[in-house]
Amino acid sequence: MSAEAGGPFPEDFLWGVAIAANQAEGAWQQAGKGPSQADVMRFDPDLDLHSIATTESVADVVRALADGSGIYPKRDGIGFYETYRDDLELLGQLGINAFRTSIAWSRLYPRGDEAEPNADALKFYDDLFATVRQHGMRPVVTLTHYEMPLNLVTELGGWRNREVMDHFLRFAGTAISRWSPLVDVWMVFNQLNTGLLDPFLALGLLDVSDAEMPAVKMQALHHQFVANAAVVAMAHRANPSALAGSMVLDMTAYPATTRPADVLAQVQEEQVTLFPSDVLVRGAYPPAATRYLRDHGISLDIRDSDLELIAKHRVDYLAISYYVTRVVGEGPTSLDRTGWSINGDRPNLHLAASPWGWQIDPLGLRTALNKYADRYPGMPILIAENGLGFEDVLTPAGEVHDPYRIDYHREHIRAVGQAIDDGCTVMGYLAWSGIDVVSASSNQRSKRYGFIYVDLDDFGVGSGRRIRKDSFDWFQAVVTSRADALD
Ligand code: BG6
């Protein structure tokens, strides 16, 4: 990539992969684990590939829990709860120095409101994080990734209820005090801004009418901002040199046309989708958010002590996931609508798309990184997820040829290098997902992102065997050469 070893990538750059407990572990009722949102997400064989599955009411949840015939792939994941030692050994062979996963909150606190954690879960994560270290990887640990105890959703109403914040802080306190000796990169929330788009998965909200939704989403997000600040403080108390941050979904948007009204709509959409990271990084609500509340007559329960905490304990780094860019035109922003389409209002005719309609835009990653560098000067950005979902084919010879995935990562890593040359501070690149896991949005196993193939289909049928794809060797060469072997 460059004449100098490592090119623009610093020596301490985090090269790694990322997964989430709810999409990998399975064992949903084993060793005392309680159900989470993920365990009621049903796989629909007639799925519209371009849609994003969600759940809207407590009745849906009750029905799913009682459903004996439907397929709920996240309940079994890829069996990582049993296979993590072998899987981590194989992942370690990639030569990566970082591995991101999450702690299943409902494994530690099955109902969420217990005073004491589940001892089996403590032992499981003791060994998991130690094993990650043994294979030369630094654990990057997400505290919550779409897997809160379902009881807190159905009984307390999710994050709209301040009490949920207290339960979360008890869980986070347990995790940080127990695993600080092994973990020094904490990620409090996965994709904090997706609460705007997917209120069930990200905020645990159900049975909220369209009219109420903007105010309820804002209140729930406020509780997450306060919780984030409190956890940043906890992590620093436990280890002053620990890095504590949170993650947002990058939602870089292009205006649908050069009509001034579309350009303004794009600016307003980005003000909305970036307002959560503004709060995390700058420690205060941006003008666009306070103006929104005022204009909509929304008054939230925001206490002075909350604002002080948010101001005082800002993130050490901002994590982003990057998959697509979006196109937006005049119309309601993501705060005013419920439900979402991944690419925004319309397709970008200049970009190709995956079979799921996710548009592929490596240059957009360079644009996004420059945007964060301008908006949050000096703030390190961790690319906590980037990858291509594809229906890979296992050949009769037992091989998986995935040149499309190699192309995808190559062009995105190249864009990261260019952004670093532009002056952006990038802390690391974690590929989603290293090993195939269940898809978050479609609940498919056939939407694969890994460098390692897991021989299980959408119905959970298969040997479960792990097979290195062609992209495995390619990524290993990239990582071990610090991207000199990109081409
Ligand atoms: C991110 C999530 O949105 O995208 C992951 O943090 C998810 O959980 C990833 O798996 C890819 O999305 P999907 O829906 O294709 O699995």
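For the shell described first, Ala, Val, Leu, Ile, Met, Phe, Trp, Tyr, Cys and Pro count as nonpolar, Asp, Glu, Lys and Arg as charged, and the others, Gly among them, as polar. Please keep in mind, while browsing these views, that the model is predicted.

**View A. The shell of residues around the ligand.** Here we look at the 13 residues around the ligand. By residue type, five of the shell residues are nonpolar, six are polar and two are charged. Those that come nearest to the ligand are Gln23, Ala440, Ser441, Lys447 and Tyr449.

View B. Let us go through three of the nearest residues, Ala440, Ser441 and Lys447. In Ala440, the backbone provides a polar atom 2.7 Å from an oxygen atom of the ligand. Ser441 takes part through its side chain, where a polar atom lies 2.5 Å from a ligand oxygen. Lys447 also uses its side chain: an N or O atom there is 2.7 Å from an oxygen atom of the ligand. On its own, the ligand has 370 Å² of accessible area, and the protein covers 95% of it.

**View C. Strand S1, covered on both faces.** We now turn to strand S1, which spans residues 14–18. Five of the five residues in S1 are buried, so the strand is mostly covered, with buried meaning under 20% relative accessible area. On one side sit Leu14, Gly16 and Ala18, and on the other Trp15 and Val17, and all of these are buried.

**View D. S1 and its partner strands.** Which strands pair with S1 in the parallel sense? One is S10, made of residues 426–432, which runs parallel to S1 and is joined to it by five bridges. Within this pair, Tyr429 of S10 stands opposite Trp15. Another is S2, residues 98–102, whose parallel pairing with S1 has three bridges. Here Val17 has Phe99 of S2 as its bridge partner.

View E. Why does Arg100 count as buried? Its relative accessibility is 0%, and buried means under 20%, so Arg100 falls in that class. What does the side chain of Arg100 reach at 3.3 Å? The answer is the backbone oxygen of Ala384. The Arg100 side chain is also joined to the side chain of Glu385, through a polar contact of 3.0 Å.

Notes
Residues are numbered from 1 along each chain as its sequence is written. This is a predicted model: local features need pLDDT of at least 70, side-chain atom pairs count only at pLDDT 80 or more; totals for chains, interfaces and linings use all residues. Side-chain values use heavy atoms; hydrogens and water are left out. A residue is near a molecule or strand if one of its heavy atoms lies within 4 Å of it. A polar contact is a pair of N or O atoms within 3.5 Å; within protein, one must be able to donate a hydrogen and the other to accept it, and residues adjacent in sequence count only if both atoms are side-chain atoms. Accessible areas come from the Shrake-Rupley method with a 1.4 Å probe; for residues, only the protein chains shown count as cover. Buried means under 20% relative accessible area, exposed over 50%, partly exposed in between (1.4 Å probe, protein chains only). Helices (H or I, at least four residues) and strands (E, at least two) are DSSP runs, numbered from the N terminus. Two strands pair if DSSP finds at least two bridges between them.
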